[in-house]
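Here is a short note to read beside the model.

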Amino acid sequence: MPNSTDKPSEEEQQKDSGQAVGGADAHEPTEQSLRKRDRQSTPHSSPPRFVSVEELMETAKGVTNLALAHEIVVNGSFQVKPVQPAEGSLQKRVKDIMHRAFWDCLEAQLKEDPPMYDHAIKLLGEIKETLLSFLLPGHRRLRNQIEEGLDLGLIQQQAEKGALDINKVAEFVIGMMGMLCAPSRDDEIQKLQAITGIVPLFRAIFQVLDLMKIDMANFAVSSIRPHLMQQSVEYERKKFQEFLDKQPNALDFTQKWLQDTAKVLLNCRWEEQVPGVEAAAPRSSVLSPFSLHNHAYLRLLKWDHTAAPFPETLLMDQSRFQEMQLELEQLGVTAAVLLVVYNSTGAALTGLPDLMRRLKSAALVLLAAMHSPSFDAEEVFSTIAEKMCAEVASCLVQHGYSPLSPDGQRALKGQITAVRCPDNSIRKLIDSRIYTFLLGFLESSSQRSTPPLPGGLAPIQKELEGIAVKLSHLVNYNKLVFAPYYQKILQDVLEEAARTGTSIG
């Protein structure tokens, strides 16, 4: 691969990073959840409003842009990825047939005597446009080199006179690609240099160019992220207001979510929503908008996504809340199992971190599929009980303690298998403590202090704190974006509570 001092440096790219994300269309952020929500039955607080197809298309475009901007800001690992049709699909078969026909036609033209270069010159024109699109405004010398090396008029004249050396042109293209590609693509460039047939070479060149487009798009995304974060709050709020202007009932589910949270808290029925955490619910006399709002966010971690519509203001983060919900359930069950084990064995296992890690790892592995349809809870918890008892027995003997008696082993296995029931008292206790920790984390995030870890959660502390940080980031950003809407709704909810006592909604 040729070396050149004109190869764009990282500093040059960052300096000129204001260019658009040329390949961002490869990523297809979906608004299916929004459309699904619109199709569901909605509260009758707002009359239906008929809109034109043009208004719907404009709204859909705005939602797509909003979702993309939100994803870039919230997801630090966001990357544009190429869209590939599913293997064996009709789209994949049609695409393969069309590509094969195109390349067969090119090969047939090049085998004629004399060769015809009509298709080849068109391909060179596309390659030229792609290479120029990779350049930043300051790359004038590289731009001149590409214009001269891929002068389509000159190439056409050489082809008409039988003087075109297509292999030399391809060599120039590969050299230019080598100067413009990311270091991670150097291997692909070297493979291009080893291809001899002109048609396979052109096919491979376009494949590598597609990868380079994705690389450039991701570089642009990483470059604009700091600038986008500064303006994203205003941008998302503006886009949502535009959507709200076209859909006046677009906050109905958000209002119901906050109303239901207040009703649960003030009627002291929080344990029905999150078992075992009634102690964390505030009294009506001290219920503030801040506290109500934080409790509402935590309700989303126990949400029934198949039965209840998700709040509109959080639709773009619904999948993230679902992911945290599933992870918290797995961690809660694991912590409950370990608490049972350590309570049953007394002080014998205290101070043995290696054993704790082994037990935790075994439980997490066995519970990895607990949310899949094929998960057999009875069989898995029976296996967990056997594994825990075997590890405990081995450890007790190793450290000079008396092994568990047969009755003790049966009792321990019975307590472990009982954890599979959501109403199990140990499991509810762990859920309560997880909730208390997360609530404390949200309420203390402004002071940048971590709340004390409740007892029984030490084995899952690292994972729990990771979820708490992710949750806090989502919550704080969501509050910033939708603050004007939340302020009005929360005020109305609490005023209604004051007028009607504990009967809200």
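The numbered points below cover the basis of the model, its nonpolar cores and its ring pairs.

1. This is a predicted model, in which local features need pLDDT of at least 70, side-chain atom pairs count only at pLDDT 80 or more, and totals for chains, interfaces and linings use all residues. Residues are numbered from 1 along each chain as its sequence is written, and side-chain values use heavy atoms, with hydrogens and water left out.

2. The largest nonpolar core has 93 residues. A nonpolar core is a set of buried Ala, Val, Leu, Ile, Met, Phe, Trp, Tyr and Cys residues joined through side-chain atoms within 4.5 Å; buried means under 20% relative accessible area (1.4 Å probe, protein chains only). Its largest share, 16 residues, comes from H19. Apart from this core lies another, of 43 residues, including Leu124 and Met176.

3. The whole structure holds 12 aromatic pairs. Rings of Phe, Tyr and Trp (its six-membered ring) pair if their centres lie within 6.5 Å; planes under 30 degrees apart count as stacked, over 60 as edge-to-face and the rest as tilted. Phenylalanine 240 and phenylalanine 243 form a tilted pair, 6.5 Å centre to centre with 45 degrees between the planes. Both lie in helix H10 (residues 198-246), three residues apart; helices are DSSP runs (H or I, at least four residues), numbered from the N terminus.

4. Why is the pair of phenylalanine 240 and tyrosine 485 edge-to-face? The ring centres are 5.5 Å apart and the planes are at 70 degrees, so the pair counts as edge-to-face. It links helix H10 with helix H19, 245 residues apart.

Conventions: Buried < 20%, exposed > 50% of the residue type's maximum accessible area, 1.4 Å probe, protein only. Helix = DSSP H or I, 4+ residues; strand = E, 2+ residues; numbered from the N terminus.
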